[in-house]
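Dear colleague,

Please find below the sequence and structure that I am handing over to you.

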Amino acid sequence: MATGSASNGPARLIGFGEVLTRLATRGRVQLPQAHALDLHIGGAEANVVAALAALGHRAALVSAIPSGGLGDGAWRALAAAGVDLAPSFRAPGRQGLYFLSPGGSLRPSEILYDRAGSAFAAHDWSAFDWPAAFAGAEWLHVSGITPALGPDLAAATGAAMAAARAAGMRVSFDGNYRASLWERWDGDPRAILTGLVRRADLFFANHRDMALLLDHPFSGDGAARRREAALAGFAAFANLRWIASTARRVETSDCHHLAARIDTPDAGFQTGEVAMPGIVDRIGGGDAFAAGVLHGLIEGAPAPRAAELGLALACLKHSVPGDMALFPRAEVEGFSGKGADVRR
């Protein structure tokens, strides 16, 4: 395996997923009218491990990143963020891309994927040595985006989760349902995702994710109904210890309200709602939430505090451009949810 950034001992958490290059229009113009694009590095699992590295955790990523050009930029960006890339490697092929047209006023943002045939998607993961990559680690983080890329990646995600459980690691799974990716092949998302969730300890999922998996409608209107969806999830997936989610209320593309909750089989906790006016960039907010919750649980915080930390990092992410939430521990743990004057 190629060596990335330095690491002080084994990573506490390892992510598995594709690193993407994001190309976003400037001035909120739509893609057909764009004359220039801003470049950022992202990817669901990459965003989580980068955020955890910024919080001071030893975090690593398993990925196949192409050599040269955009792949070199992605590798450098993750290494600079403090991510341990020792389990990753360079592979032939292209860099996965996605194009973002940021929304404005009542027009939502729009994402166009261009990742078919990427180095990550085309790599043969069947022979990958998961036990060696996971040696000494405590957590594995994966998401529903990777299995949506095709049958080989669905099998690889399952193999990674099985190896992590065999090694005594905890596993977190972010639903991240992307219909546009699943529609490109004849997979069965309900069956595949259900099998994967059965191997998770922590599931990042809201009432819509539960409705997809359990083929039963759930309402997200109010804490009691969100608790109902979580309890149905615990009944269906006895392996789960936590279910974490956010509730977003949108006024315009620039002003959202966000709350977070975490459920256990015995109790549920929901935070208050935080207003986020003047949003800079909401992409990656869910990954930031996942990283904040994982930060709390890794540190041994009780579930309510983990939800608060997830909300804090998610809110902070909305204040910066790009996919990654690279905030220090003190800023996340001291987050108040209120605006502040200039720090001097």
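Predicted model: local features only at pLDDT ≥ 70, side-chain atom pairs only at ≥ 80, totals over all residues.

The protein has twelve helices and 15 strands. Its radius of gyration is 19 Å, close to the 20 Å that the globule rule gives for 344 residues, so the protein is as compact as a globular protein of that length. Along the principal axes, the C-alpha atoms fill a box of roughly 50 × 45 × 45 Å. Of the 344 residues, 52% count as buried. Among contacts with a separation of 6 or more, 68% are accounted for by residues 24 or more positions apart.

The helix pair in question consists of helix 1, residues 44-54, and helix 10, residues 285-298. Their axes lie 8 Å apart, and the two helices pack at an angle of about 45 degrees. Because angles from 35 to 65 degrees fall between roughly parallel and roughly perpendicular, helix 1 is oblique to helix 10. The crossing of helix 1 past helix 10 is right-handed.

On the side of helix 1, the contact is formed by Ala44, Asn47, Val48, Ala51 and Leu52. These meet Asp287, Ala290, Ala291, Leu294 and His295 in helix 10.

Yours sincerely

Definitions and conventions: Residues numbered from 1 in each chain as written. Heavy atoms only, no water. Axes fitted to C-alpha atoms, helices over the stretch in contact; angles between N-to-C directions. Helix = DSSP H or I, 4+ residues; strand = E, 2+ residues; numbered from the N terminus. Parallel < 35°, antiparallel > 145°, perpendicular 65-115°, else oblique. Left-handed = near helix turned anticlockwise from the far one by under 90°. Contact = heavy atoms within 4.5 Å. Rg over C-alpha atoms; globule rule 2.2 N^0.38 Å. Buried < 20%, exposed > 50% of the residue type's maximum accessible area, 1.4 Å probe, protein only.
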